[in-house]
Amino acid sequence: SRLRVNDAAEVGYILAKICKSIKNVNLSVIGFSAQENSKQARDKGINRRDEVDLRSIYDQDESNNDLNRILHLLPHGNNTDGFAIWYAARHMASSKSAYKRKVIVVISDGSPNADEYGGDNAYDHVNLCRLDARRRFGVETYAIGIDDAYTKRDGDRMYGAGNNIVIKDVKSSVGYLSRFLNQMSESVK
């Protein structure tokens, strides 16, 4: 919903502001959705179940380097989170290859959900994609579920224990977010 996207954008903005203040951090913010044209694709007989639309919201190396863009995110179609993590990791591996450590922080306003993509199979797929992104591209994945986006158990299943947090609301969780970011930045995995 629009309210949850607003909360996700606010969390993204807070994290971006914190990251931008850290020396030697090169920040990019990417939005993603999937299957926005899936009905049209099906009508034409095209299988688009793994379609991922990655949208650059902010990149300090590019012309779209205004952090306020993050606050103007709009809700889009379905989320095939596993595919999005994998494609974002591949993009990061090539566009940020000079950086020693590469980290994706997924800010989620709900469980993975798309046409024929959800539940336990989607949770397992997210986990497989994050593990493959690390093995293949050297990219670590962490997650923040906002507005109780998913259960802690499902978060651990997708992202691994200790690699995710689930918060109830943004306003009361800023300190928690800051501690999670600090823990993430200190972890060597």
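Two residues are in contact when heavy atoms of each lie within 4.5 Å. By that rule, among contacts between residues at least 6 apart in sequence, 67% join residues at least 24 apart. The model on screen is predicted.

**Whole chain**

Followed from the N terminus, the elements run α-β-α-β-α-β-α-β-α-β-α. Colour by accessibility next: of the 189 residues, 43% are buried.

**Stop 1: Ser 28**

Select Ser 28, which sits in strand E1, residues 28-33. Its relative accessibility is 30%, so Ser 28 counts as partly exposed. Which residues does Ser 28 contact, leaving aside neighbours within four places in sequence? They are Tyr 58, Asp 59 and Lys 96.

**Stop 2: helices H3 and H4**

Show H3 (residues 81-95) and H4 (119-137) together. A packed pair of helices is described by the angle between the axes and the distance between them. For H3 and H4 the angle is about 15 degrees and the axes are 7 Å apart. Angles under 35 degrees count as roughly parallel, and H3 and H4 are therefore roughly parallel to each other. The crossing of H3 past H4 is right-handed.

- on the H3 side, Asp 81, Gly 82, Phe 83, Ile 85, Trp 86, Ala 89, Arg 90 and Ala 93;
- on the H4 side, His 125, Val 126, Cys 129, Arg 130, Asp 132, Ala 133, Arg 136 and Phe 137.

By class, this contact of H3 with H4 holds nine nonpolar, two polar and five charged residues.

**Stop 3: aromatic rings**

How many aromatic pairs does a search of the whole structure find? The search finds four. One of them is Phe 83 with Tyr 117, with ring centres 6.2 Å apart and planes at 35 degrees, a tilted pair. Phe 83 is in helix H3, while Tyr 117 is in the loop between strand E3 (102-108) and helix H4, so the pair links parts of the chain 34 residues apart. Check the accessibility of each: Phe 83 is partly exposed, at 22% relative accessible area, and Tyr 117 is buried, at 10%.

Move on to Trp 86 and Phe 137. Their ring centres are 5.2 Å apart and the planes stand at 70 degrees, so this pair is edge-to-face. Trp 86 belongs to helix H3 and Phe 137 to helix H4, which means the pair ties together parts 51 residues apart in sequence. Phe 137 is buried, with a relative accessible area of 18%.

**Stop 4**

Finish at the loop between strand E4 (139-145) and helix H5 (152-159), where Asp 147 is placed. Asp 148 is found in the loop between E4 and H5 as well. Phi of Asp 147 is near 55 degrees, a positive value in a residue other than glycine. Asp 148, also not a glycine, has a positive phi of about 50 degrees.

Asp 148, at 42%, counts as partly exposed.

How values were computed:
Residues are numbered from 1 along each chain as its sequence is written. This is a predicted model: local features need pLDDT of at least 70, side-chain atom pairs count only at pLDDT 80 or more; totals for chains, interfaces and linings use all residues. Side-chain values use heavy atoms; hydrogens and water are left out. Rings of Phe, Tyr and Trp (its six-membered ring) pair if their centres lie within 6.5 Å; planes under 30 degrees apart count as stacked, over 60 as edge-to-face and the rest as tilted. Helices (H or I, at least four residues) and strands (E, at least two) are DSSP runs, numbered from the N terminus. Buried means under 20% relative accessible area, exposed over 50%, partly exposed in between (1.4 Å probe, protein chains only). Axes are lines fitted to C-alpha atoms, for helices over the stretch in contact, and angles run from 0 to 180 degrees between N-to-C directions. Angles under 35 degrees count as roughly parallel, over 145 as roughly antiparallel, 65 to 115 as roughly perpendicular and the rest as oblique. A crossing is left-handed if the near helix is turned anticlockwise from the far one by less than a right angle, and right-handed if clockwise. Ala, Val, Leu, Ile, Met, Phe, Trp, Tyr, Cys and Pro count as nonpolar, Asp, Glu, Lys and Arg as charged, and the others, Gly among them, as polar.
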